[in-house]
Amino acid sequence: MAATLCGKLLPRQGWLPLTQSVRHGSKAVTRHKRPMHIIKQKLLAVTQYIPPRRVVAPGAYPSQTKKVKEESGLELLLKREVKNVFQDCQMVAVVQNNASNAEDMLILRHRLYKHGITVKFFPNQVMRSFLMGSNYQNMAHLFIGPNVLFVSKEPKAKEMLVTLRGSPQMVLLGACIDGTLLSAQGVVGYSKLPSVTTIQGEIVSGLTMLTSHTASMLQHHPHHLSALLQQYLKEQSPEASAEEAL
């Protein structure tokens, strides 16, 4: 009987058991977090840094730091020349150059030179740098694209507009005439004004007329007053009273 039980319990030779239990050894776990006191947890939660929420996306606005760029010697020389132009010339016009070739520009310069108008070229950066610190800062927005300057020592707006009619690629943007900033329409209106000589003649004739009228008025009052006095004396004389009695 014992042999029968052993035969049933023990596996037969050459056979593998259907299931095989494997027992592993115990492992020591050392990565568990240590328990923290509740007061310490609250203190850490209260003192935790919370970054402020960014209202504007980064890069939306330019940087607050300004880069100071030193001006070169050429820029200083050009600014000095621009300053002399505004001081010596009574008319400084800004004209936009729309793809004008060298031949057309040469012909235009020759036509303007006949009227005493000179064409000058300055970089827009130099012009804006000079204008922003002067009394002509409202002209700075005109210097954006390819521009040229028409300058003259005397205001010759009419001659300039007549010359520009033959060059449609040159567009007048504005001008500074006699220290006054004018738009393109303002320059057209200024060109329609009479010349200084005509205005001076009208002023002189008006003053002469007023003087002669004043002299005639001054002479008229004494004559009229003397006539009234003579008439009054005649009325007060006794002969006149006798005639009235008859």
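## K79 and its surroundings

Leaving aside neighbours within four places in sequence, K79 touches E71, V126, S129 and F130 (contact means heavy atoms within 4.5 Å). K79 sits in helix α3, residues 73-88. Helices (H or I, at least four residues) and strands (E, at least two) are DSSP runs, numbered from the N terminus. K79 counts as partly exposed because its relative accessibility is 21%. Buried means under 20% relative accessible area, exposed over 50%, and partly exposed in between, with a 1.4 Å probe and protein chains only. P123 is 44 residues from K79 along the chain, and the C-alpha atoms of the two are separated by 10.0 Å.

## About the model

This is a predicted model, in which local features need pLDDT of at least 70 and side-chain atom pairs count only at pLDDT 80 or more, while totals for chains, interfaces and linings use all residues. Residues are numbered from 1 along each chain as its sequence is written, and side-chain values use heavy atoms, with hydrogens and water left out.

## The sheet

Five strands make an open sheet: 5 strands in the order β2-β3-β1-β4-β5, with antiparallel pairing. Two strands pair if DSSP finds at least two bridges between them. The edge strands are β2 (118-120) and β5, and each pairs on one side only. From one strand to the next, the twist averages 25 degrees. Axes are lines fitted to C-alpha atoms, for helices over the stretch in contact, and angles run from 0 to 180 degrees between N-to-C directions.

Follow the order across. β2 and β3 are antiparallel, with 3 bridges. K120 has L149 as its bridge partner in β3. β1 and β3 pair in the antiparallel sense over 6 bridges. Here the bridge partner of A93 in β3 is F150. Strand β1 (residues 91-97) also pairs with β4, antiparallel, over 7 bridges. Q96 stands opposite V171 of β4.

## Strand β3

In β3, N147, L149 and V151 point one way. V148, F150 and S152 point the other way. All of these residues are buried.

## The β4-β5 hairpin

Strand β4 (residues 170-177) pairs with strand β5 (residues 180-183) in the antiparallel sense over 4 bridges. A175 stands opposite L182 in β5. The two strands form a hairpin with 2 residues between them. D178 lies in the loop between β4 and β5. D178 has a positive phi of about 55 degrees, although it is not a glycine. At 43% relative accessibility, D178 counts as partly exposed.

A99 is another residue to look at. Its phi is near 55 degrees, a positive value in a residue other than glycine. A99 is placed in the loop between β1 and α4 (102-114). With 77% relative accessibility, A99 counts as exposed.

## Helices α6 and α7

Helix α6 (residues 157-164) packs with helix α7 (residues 184-191) at an angle of about 115 degrees, and their axes are 8 Å apart. The contact uses A157, K158, M160 and L161 of α6. From α7 come V187, V188, Y190 and S191. These residues divide into 6 nonpolar, 1 polar and 1 charged. Ala, Val, Leu, Ile, Met, Phe, Trp, Tyr, Cys and Pro count as nonpolar, Asp, Glu, Lys and Arg as charged, and the others, Gly among them, as polar.

α7 lies across β4 and β5, running at about 105 degrees to β5.
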